[in-house]
Amino acid sequence: MNSKDVFYKEISKIVATRKTPYVIESGEGAYLTINGKQKLNLCSSHYLGLATDKRLKKAVIKAVEKYGIGTGYRTLAGTHVLHIELEKHLAQFKGAEAAIVLTGGYMANCAAIQTIIGKEDVVVSDSLNHASIIDAIRVSQVQNKFIYKHRDTKDLEKQLKEAAKIAKTKKSDGNYPSILIVTDGVFSMDGDLAPLPEMVALAKKYGALTMVDDAHGEGVLGRGGRGIVDHFNLHGQVDIEVGTLSKAFSVIGGFITGKKVLIDFYKQKARQFMFSNALTIPDTAAVLEGVKILEKSDALVRKLWDNTNYIKEQFGRLGFDTGNSETPITPVMLHDEELAKQFSLKLFEKGVFATPIVFPMVAKGAARIRVIPSASHSKKDLDFAVNMFKDVGCELGVLK
Ligand SMILES: *Cc1c(COP(=O)(O)O)cnc(C)c1O
């Protein structure tokens with residue numbers, strides 16, 4: 001066998017171990033149709049039910065009729081009035097000076113870090129940060145990486161002290177290295193929050209820049225879903241806020257908010273902005289409508305939290321352990337990997353779609369079913385879910 005044959009043989013082995021994902025035959029609402037059968041959807045991050053919202057559909061149709069579909073490179077002829085309007089609304093919504101929109105949260109993280117951090121700078125990162133932050137740090141090629149224990153502000157300070165030592169030596173361009181502290185806002189497996197106030201205080205002490213990825217926070221935390229910075233009332237004190245338009249906003253895209261000068265710098269320098277096309281007209285119109293809905297009313301956010309509190313209460317009453325979540329992300333802890341997979345399969349047979357989260361997504365022995373209620377669920381839907389969890393819990397001996 002030559003090396004090409006070996007390559008295909010090796011990847012075939014890996015591909016054979018993968019279970020192909022379900023194919024959804026309906027809209028992504030409270031229920032999903034899979035193989036012609038309805039399943040209660042407890043696993044998407046469409047927190048506010050906007051993926052099938054009538055107002056978004058209408059806004060998209062109207063915009064497409066007026067403007068068509070595609071845009072282009074933002075730096076050439078692709079900057080559309082809808083992009084500018086969306087950036088204005090996102091900045092206002094987040095309580096920031098300015099915003100830049102990209103085609104994904106992943107892209108936004110890469111742009112946010114790579115554009116301002118180089119080889120000789122310093123990054124200080126939470127050990128459980130999202131893969132897109134880890135990759136963003138990699139593409140920046142920064143050499144000095146300090147990882148602090150998950151949400152541990154004592155360890156963060158210890159790492160910052162080391163970082164500060166490095167930052168005392170000038171870089172080859174004659175400037176001092178920047179120190180960037182970066183964290184997820186909401187950690188997507190456990191639903192716990194970054195200790196942002198302590199982080200901001202430490203950043204001040206050590207002269208560091210701060211960045212929070214609010215992918216699971218916007219549309220969820222803060223007043224009317226304005227995100228984690230609003231939740232902690234830290235407006236203007238976090239340098240870089242990254243967001244996604246694919247979770248609560250239910251469309252696609254990502255964005256960065258911050259001081260105007262920083263956002264202008266990103267618009268001038270970010271490779272992910274310069275060398276990749278812009279959001280299309282339908283995407284942009286849909287998100288813009290979503291932001292406008294949240295600006296006007298917190299009804300969906302309140303419904304999301306009502307549902308969250310209700311389902312957590314019900315799980316607790318039955319005796320399930322739902323961890324330390326402070327958000328709608330509700331881990332039903334089962335610990336054993338096989339048990340979690342079995343549990344999810346049995347739920348699926350009973351009409352409830354909730355995914356098992358196992359190693360390597362979480363530590364060994366921390367397997368769970370991750371339940372995400374949304375504003376599109378009714379109390380009846382949640383009661384149905386809880387009853388099925390109860391039945392499967394009894395069948396599998398998780399509940400006594
Ligand atoms: C989902 C997610 C992303 C990626 O966002 P996309 O818009 O899907 O690319 C980035 N960071 C975190 C924390 C996420 O949960």
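# Exercises on a predicted model

Phe343, Lys346 and Leu347 of helix 13 make contact with Met388, Phe389, Val392, Gly393 and Glu395 of helix 14. The model is predicted.

## Exercise 1: helix 13 and helix 14

Task: Sort the residues of this contact by class, then find how the axes of helix 13 and helix 14 are arranged.

Solution. 
- Step 1. Sort the contact residues. The contact of helix 13 with helix 14 holds five nonpolar, one polar and two charged residues.
- Step 2. Locate the helices. Helix 13 covers residues 337–349, and helix 14 covers residues 379–395.
- Step 3. Read the geometry. The two helices pack at an angle of about 130°, and their axes are 10 Å apart.
- Step 4. Name the arrangement. That angle makes helix 13 oblique to helix 14.
- Step 5. Assign the hand. Helix 13 and helix 14 cross in a right-handed way.

## Exercise 2: helix 3 and helix 11

Task: Decide whether helix 3 and helix 11 are roughly parallel or oblique to each other, and list the residues that meet.

Solution. 
- Step 1. Take the angle and the distance. Helix 3 (residues 81–94) packs against helix 11 (residues 281–296) at about 30°, with the axes 10 Å apart.
- Step 2. Apply the cut-off. Angles under 35 degrees count as roughly parallel.
- Step 3. Conclude. Helix 3 and helix 11 are therefore roughly parallel to each other.
- Step 4. Assign the hand. The crossing of helix 3 and helix 11 is left-handed.
- Step 5. List the residues. Helix 3 brings Leu82, His83, Glu85, Leu86, His89, Leu90, Gln92 and Phe93. Helix 11 brings Ile281, Thr284, Ala285, Val287, Leu288, Val291, Lys292, Leu294 and Glu295.
- Step 6. Sort them. The contact of helix 3 with helix 11 has ten nonpolar, four polar and three charged residues.

## Exercise 3: helix 6 and helix 7

Task: Describe how helix 6 and helix 7 cross, and which residues make the contact.

Solution. 
- Step 1. Take the geometry. The axes of helix 6 (residues 153–166) and helix 7 (residues 196–206) come within 11 Å and cross at roughly 20°.
- Step 2. Name the arrangement. That makes helix 6 roughly parallel to helix 7.
- Step 3. Assign the hand. Helix 6 passes helix 7 in a right-handed crossing.
- Step 4. List the residues. From helix 6 come Thr153, Leu156, Glu157, Leu160, Lys161 and Ala164. From helix 7 come Glu198, Met199, Leu202, Lys205 and Tyr206.
- Step 5. Sort them. The contact of helix 6 with helix 7 divides into six nonpolar, one polar and four charged residues.

## Exercise 4: buried positions

Solution. 
- Step 1. Count in helix 4. Seven of the ten residues in helix 4 (residues 105–114) are buried, and the helix is mostly covered.
- Step 2. Thr308 sits in helix 12 (residues 299–318). Thr308 is buried, with a relative accessible area of 0%.
- Step 3. His80 is in the loop between helix 2 (54–67) and helix 3.
- Step 4. Buried means under 20% relative accessible area. His80 has 19%, so His80 is buried.
- Step 5. The C-alpha atoms of His80 and Tyr67 are separated by 9.6 Å, and the two residues are 13 apart along the chain.

## Exercise 5: backbone exceptions

Solution. 
- Step 1. Recall the background. Most residues other than glycine have a negative phi, and most peptide bonds are trans.
- Step 2. Pro360 lies in the loop between strand 12 (355–357) and strand 13 (367–371).
- Step 3. Check Gln141. The loop between helix 5 (131–140) and strand 5 (144–148) holds Gln141. Gln141 is partly exposed, with a relative accessible area of 46%.
- Step 4. Check His335. His335 lies in strand 10 (residues 330–335). His335 is partly exposed, with a relative accessible area of 39%.

Methods:
Residues are numbered from 1 along each chain as its sequence is written. This is a predicted model: local features need pLDDT of at least 70, side-chain atom pairs count only at pLDDT 80 or more; totals for chains, interfaces and linings use all residues. Side-chain values use heavy atoms; hydrogens and water are left out. Axes are lines fitted to C-alpha atoms, for helices over the stretch in contact, and angles run from 0 to 180 degrees between N-to-C directions. Helices (H or I, at least four residues) and strands (E, at least two) are DSSP runs, numbered from the N terminus. Angles under 35 degrees count as roughly parallel, over 145 as roughly antiparallel, 65 to 115 as roughly perpendicular and the rest as oblique. A crossing is left-handed if the near helix is turned anticlockwise from the far one by less than a right angle, and right-handed if clockwise. Contact means heavy atoms within 4.5 Å. Ala, Val, Leu, Ile, Met, Phe, Trp, Tyr, Cys and Pro count as nonpolar, Asp, Glu, Lys and Arg as charged, and the others, Gly among them, as polar. Buried means under 20% relative accessible area, exposed over 50%, partly exposed in between (1.4 Å probe, protein chains only).
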